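Please look over the model shown here before reading on.

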Amino acid sequence: MWTATLISNIGTWMHEVGAGWLMTTLNPDPAVVTLVQAATTLPVFCFALLAGALADRLDKRRLLIGINLALMAVVSLLALLVWRDAMTPILLIVFTLAIGTGAAFMAPAWQAVVPQLVPRTNLRPAIALNSMGINISRAIGPALAGVLIATLGLAAPFVLNALSYVVIIAALLLWRPAPMPPKTSRTTILAEMGTGLRHVRHNPAMLATLIRAAAFFVFASAYWALLPLIARDAEDGGSELYGALMALIGTGAVAGALLLPRLKKRFTSDQTVQIGTFGTVIALLAMAVSNAPAALMAAALLGGLSWIAILTSFHVSAQTALPDWVRARGLAVFLMVFFGSMSAGSVVWGQAAAKGSIPMTLLVAAAGLALALFATRRFRIGQGETQDLTPASVWPDAPPISEDQSGDRPAMVTVEYQIAAEDRQTFLNLITQFSKERLRDGATRWHLHQSVEDPGSWIETFHLPSWFEHLEQHKRVTSADVTAQSELKALDLRPDGPTVRHYIKPV
């Protein structure tokens, strides 16, 4: 799987360089050139959550095979049009949007299968290895594309990219993953998307990862979007320099992946992101103040080194913050933030460069990146790395519903507590934190009420979109949630603990 991905990604990076350089020949306006980057990333922002819900519901292997077949057909048609000199700026953007849409539906499923390939203890090195493969391809693909464009013409990178899909499809056909538990979802796809969003909203470790990721990628997207123009305006610039810069970013990323185990021993994930951000700021400044090829190459190498350190840390932070049942949807939200930030940043920096200058735009991006790191420093990366998110299976079975009740109707659960006056503040602190568990595991609303007649009596209520969703909620309680639940139960004055009751909206 890793080898096939490496070959496929070499084709993808050749395509990226070919599309970026093709647009500079069709229309060199910075605002138009950066639209290629925006068209690549915008579909992921728009469709990733739907793709994540589908990946959590469907067979991931079959989904990936179907998407790769469709992408191979689209890229083949693009190569044919470029070869026949029939490509226009609008057509290129349309094709880029189509390919980006395929990538949007593929990415959450692809990310979610990583834990199927390695145990959790090896997740960090597996993600680093995956990222290293991407960046080995980034080191090879762009350099190869630059040579192919100069010798065989602009169609060559697109032809080889189309052929690379054959390899990844073959690997997926040969892969035989262990059978997963059967999906018994009886909720709509929109409801599952909503459940995924609520989980992320009330998952502090995941939320911190998203905030820090957005603060980084919006500003770091500047050199990705403007790199074709930076290479064109450099001394002795051209497609060869552009390919070399992209290759050096990949080379730096590979070197960074090899250094990550040492960094892990000395720094936390959060500190690694800070170091990588500082390196990216220096790379942006170097690209802004010099157009000498040597300086640009050094900046590209540093940019790649910093990029892999940050990207791996963000990916590990997201993976370890998510339980298996919502992994694809949670990673889809991460990808939405990643690609949405890259897309928005590409448009903004393209417009800024068109109205001002490329060096000034890069200087502004560097300053913004440094300020964003300072502003978001309290949102720590890697909070989920020490949490046990395996299913705990501690809730007793839910009572059966009668024949005249429907499982697809909205449901409500109440939990009654009897709390001593001296434990009231402790109880309030615990249950306020525990409310996030209810909401991230499927509840749409949560409330707490205190009795007027008996101040020691409290009722917790939480609502769910259906009774079926509550049955799924029983399976979602993790080992990390059990401690808080046990502490709440211990505060109840009654020997049997809190009283739980279930309700369904009548038909």
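The points below take up the nonpolar cores, a helix pair and a loop residue.

1. It should be kept in mind throughout that this is a predicted model.

2. The largest nonpolar core comprises 74 residues, and those with the most contacts inside it are Phe217, Trp307, Phe314 and Leu362. Helix 9, which spans residues 204-233, gives the most to this core, namely 15 residues. If neighbours within four places in sequence are left aside, Leu362 is in contact with Ala222, Tyr223, Leu226, Ile230, Leu284, Met287 and Ala288.

3. Helix 15 (residues 424-440) packs with helix 17 (residues 479-491) at an angle of about 140°, their axes being 10 Å apart. Because angles over 145 degrees would count as roughly antiparallel, helix 15 is classed as oblique to helix 17. The crossing of helix 15 and helix 17 is left-handed. On the side of helix 15 the contact includes Phe427, Leu430, Ile431 and Phe434, while helix 17 contributes residues including Ala484, Leu488 and Leu491. The residues of this contact divide into seven nonpolar, two polar and four charged.

4. Asp85 lies in the loop between helix 3 (60-83) and helix 4 (89-112). With a relative accessibility of 71%, Asp85 counts as exposed, since the cut-off for that class is over 50%. The phi of Asp85 is near 55°, a positive value in a residue other than glycine. As background to this point, most residues other than glycine have a negative phi.

Methods:
Residues are numbered from 1 along each chain as its sequence is written. This is a predicted model: local features need pLDDT of at least 70, side-chain atom pairs count only at pLDDT 80 or more; totals for chains, interfaces and linings use all residues. Side-chain values use heavy atoms; hydrogens and water are left out. Helices (H or I, at least four residues) and strands (E, at least two) are DSSP runs, numbered from the N terminus. Buried means under 20% relative accessible area, exposed over 50%, partly exposed in between (1.4 Å probe, protein chains only). Axes are lines fitted to C-alpha atoms, for helices over the stretch in contact, and angles run from 0 to 180 degrees between N-to-C directions. Angles under 35 degrees count as roughly parallel, over 145 as roughly antiparallel, 65 to 115 as roughly perpendicular and the rest as oblique. A crossing is left-handed if the near helix is turned anticlockwise from the far one by less than a right angle, and right-handed if clockwise. Contact means heavy atoms within 4.5 Å. Ala, Val, Leu, Ile, Met, Phe, Trp, Tyr, Cys and Pro count as nonpolar, Asp, Glu, Lys and Arg as charged, and the others, Gly among them, as polar. A nonpolar core is a set of buried Ala, Val, Leu, Ile, Met, Phe, Trp, Tyr and Cys residues joined through side-chain atoms within 4.5 Å.
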